[in-house]
Amino acid sequence: MGLAIELEGVSFTYLPGTPYERQALKGIRLTIAEGSITALAGHTGSGKSTLLQHIGGLIHPDSGRVCIDGTDLAAHTKQEKRAALAARRKVGLVFQYAEHQLFEESVYEDIAFGPRNFGLAETEVAARVREAMARVHLDFEAYRDRSPFQLSGGQMRRVALAGVLALHPAYLVLDEPTAGLDPRGRRELLALIRELHAAEGTTIVFVSHNMEDVFAIADEVVVLRQGEILLQGTPTAVFAERERIAEAGLRQPVLMQLMTALRAAGVPLGARDLELRTPEAAAAAIARALRGKEGGRHAQ
C-alpha cells in the first residue's frame, strides 16, 4: 500500500489571541495508508473532528502540513492552488448528520449537484447518479424522483453518501457516520461502508464516539486526547490498553469485554477469539468452546 494521507506536525488553534483561544491540535504526525479503514476516536473536544476538517481541506494548520498523495493542501502560488484543488477533490467528506446536506427537490437532483458543479456533461452526470445510487443500494427507478425528505433516516444518509460517491473520490472521510440512526440503520450503514472498502479498496477515514462501530470495521485506530495522539494501532491492540483508553474517556467495546470476561470465567476461548469483531463470529466461537468443554467432561 502507498501513502495516501500524511499529516506532518499539524497544530491548530481556534480563536487565537482572544479570551476563547483553544489549541485543538498539537503537533499531530499521522500517516493514513492507502486502502485502509482508519478510525479517529476520542472524547468530545479531543480534536478528532478538527483533524477530519484538515484532511478535507476545510481548514489549514497554523503549523505543519497536510498532504494528499504528496500534495500540500495549503497553497500560496497560483500553481500550488491548482494542485491543492485537485488534491482536495480526491477527498469526499460526509458530515455528521449527513442528511442535513440534502437540499434539492428530488433524490436525482441532489446526487447530481456535485457532478454538475464539476462541469460534467449531462450524460456523464446521469451515469454517475445511477452508479452512485447502485453503490448505496437505492433502486434508481424507485427513488430518483422522490423527495429526499420523505425517506427514512438511513435512506437519507445513503442519498447524502451517494452525492459524495458521485464525485468519484479516492478517499472517503466520514464524520460520525452512524450518529442518530436506529440499530437497523446503523447495521446497514456499517455493512455498506465495509462493502465499499472490500469491493473497491476505497481508503476510508471516519470519526466515531461509538466504540462498537470502531471495533467492527476499522483496521487502524487513532485515539486522540486533548489534541494529541494517545494511542495508535489495530483495534485489538488499542482496546487491550484499558487504562490508557480510559484516560481518553473511552471504554472497551462490549463484545471485547464479553469475550474477556468469559475467558476469565473459565470458558476455553483462545487469544484469537478475543480479536473477533462481529457478534456472529463471537457466538460461533463461544459455542465451539462450550461444546469442547462439555466433550472434555464426558471424556473424563
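**Exercise 1.** Find which residues Leu172 touches, leaving out residues up to four places away in sequence.

*Solution.* Start from the cut-off, since contact means heavy atoms within 4.5 Å. With that rule, the partners of Leu172 include Gly92, Val94, Leu161, Val164 and Leu165, and Leu196, Thr202, Thr203, Ile204 and Val205 are also among them. The model is a predicted one, in which local features need pLDDT of at least 70 and side-chain atom pairs count only at pLDDT 80 or more, while totals for chains, interfaces and linings use all residues. Residues are numbered from 1 along each chain as its sequence is written, and side-chain values use heavy atoms, with hydrogens and water left out.

**Exercise 2.** Determine how many residues the largest nonpolar core has, and which of them have the most contacts inside it.

*Solution.* A nonpolar core is a set of buried (under 20% relative accessible area, 1.4 Å probe, protein chains only) Ala, Val, Leu, Ile, Met, Phe, Trp, Tyr and Cys residues joined through side-chain atoms within 4.5 Å. The largest has 62 residues, and Ile111, Leu161 and Leu172 have the most contacts inside it. The helix α6 (a DSSP run of H or I, at least four residues) gives the most to this core, with seven residues. A second, separate core has 27 residues, including Leu7, Leu40, Leu51 and Val173.

**Exercise 3.** Decide whether Thr18 is buried, partly exposed or exposed.

*Solution.* First place Thr18, which is in the loop between β1 (3-14) and β2 (22-33). Its relative accessible area is 32%, and therefore Thr18 is partly exposed, the class between buried and exposed (over 50%). Finally, a polar atom of the Thr18 side chain lies 2.8 Å from the backbone oxygen of Leu15.

How values were computed:
Helix = DSSP H or I, 4+ residues; strand = E, 2+ residues; numbered from the N terminus. Polar contact = N/O pair within 3.5 Å; in protein donor to acceptor, adjacent residues only side chain to side chain.
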